[in-house]
Amino acid sequence: MTVGAARDGGPGAVQLTERDLRGLLFVAEMYGLQFDLLARLLELSEDATRRLAARWRRLGYAGTGRLGPGPAWVWLTRRGLTACGLRYTAVPPALSRLAHIRAAAVVRLALESAPSYAESGAHWRSERRLRARIGGRVGVREHLPDGEIHFPNGCALPYAGECWAVEAELTPKTVPD
């Protein structure tokens, strides 16, 4: 994919690889991602991940920084979101949600790495996409899942045609008896 003022590949054009696209879209959908998870997603070394994030930052597609404990984070800027064709708000991940965003990303990575996920043609719809779809308006009593997994009709799994809501819980929940 070529992005930039010159879409014909001329001066000023930016060539994005399939790896760039996969990483940028995943980061956008998850609000942001820590470097170690980006490395896992794209099967990169720690150094290669830092170089990739630095490249995205130089292109104006991403912001990076240490937002809390652990590895640095990467998130998309307005320019990065536009390059991906997304109209999400361009902000760093909220500090109060870092642990939850990380947990949801870990769950997504684990599910997407299962052979049956890829074989079935399943796809993930993120909370961010669900929220954008309803205009960002979620009432006090309403709740959106961290993601949905859609299994296409006709896939060779017993749950073909199903949609699973996915929640990453960080605190124990009590269930009434």
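Q: How much space lies in the largest cavity?
A: The model is predicted: local features need pLDDT of at least 70, side-chain atom pairs count only at pLDDT 80 or more, and totals for chains, interfaces and linings use all residues. Residues are numbered from 1 along each chain as its sequence is written, and side-chain values use heavy atoms, with hydrogens and water left out. A cavity is a set of points, on a 1 Å grid over the protein atoms alone, where a 1.4 Å probe fits but cannot get out; grid points are joined across faces, edges and corners, and a volume is the space filled by probe spheres set on the points. For the largest cavity that space is about 70 Å³.

Q: Which element gives the most residues to the lining of the largest cavity?
A: Lining residues have an atom within 4 Å of a point, and here they include Arg-97, His-100, Ile-101, Ala-104, Glu-127 and Arg-128. Helices (H or I, at least four residues) and strands (E, at least two) are DSSP runs numbered from the N terminus, and the elements giving two or more residues to this lining are H5 and H7. The most, 3 residues, come from H5.

Q: How many residues of the lining of the largest cavity are charged?
A: Ala, Val, Leu, Ile, Met, Phe, Trp, Tyr, Cys and Pro count as nonpolar, Asp, Glu, Lys and Arg as charged, and the others, Gly among them, as polar. Of the lining residues, 4 are nonpolar and 2 polar. The charged ones number 5.

Q: What is the volume of the largest pocket?
A: A pocket is an open set of points with protein on both sides within 12 Å along at least five of seven lines. The largest pocket is lined by 14 residues, and Tyr-31, Thr-89, Val-91, Arg-128 and Arg-131 lie nearest its centre. By class the lining has 8 nonpolar, 3 polar and 3 charged residues. The volume of this pocket is about 220 Å³.

Q: Which helix gives the largest share of the lining of the largest pocket?
A: The lining holds 14 residues. The largest share, 3 residues, comes from residues 127–133, helix H7.

Q: Why are H1 and H2 oblique to each other?
A: Axes are lines fitted to C-alpha atoms, for helices over the stretch in contact, and angles run from 0 to 180 degrees between N-to-C directions. Angles under 35 degrees count as roughly parallel, over 145 as roughly antiparallel, 65 to 115 as roughly perpendicular and the rest as oblique. The axes of H1 (residues 18–29) and H2 lie 10 Å apart. H1 and H2 are therefore oblique, as they pack at an angle of about 135°.

Q: Which residues of H2 make the contact with H1?
A: Contact means heavy atoms within 4.5 Å. H1 brings Arg-19, Arg-22, Gly-23, Phe-26 and Val-27. From H2 come Leu-38, Leu-41 and Leu-42.

Q: Which residues of H3 does H1 meet?
A: The axes of H1 and H3 (residues 46–58) come within 12 Å and cross at roughly 80°. The two helices are therefore roughly perpendicular to each other. On the H1 side are Arg-19, Asp-20, Gly-23, Leu-24 and Val-27. On the H3 side are Leu-52, Arg-55 and Trp-56.

Q: Which residues of H5 make the contact with H2?
A: H2 (residues 35–42) and H5 (residues 98–112) pack at an angle of about 15°, with axes 11 Å apart. That makes H2 roughly parallel to H5. H2 contributes Asp-36, Leu-37, Arg-40 and Leu-41. H5 contributes Arg-102, Ala-105, Val-106 and Leu-109.
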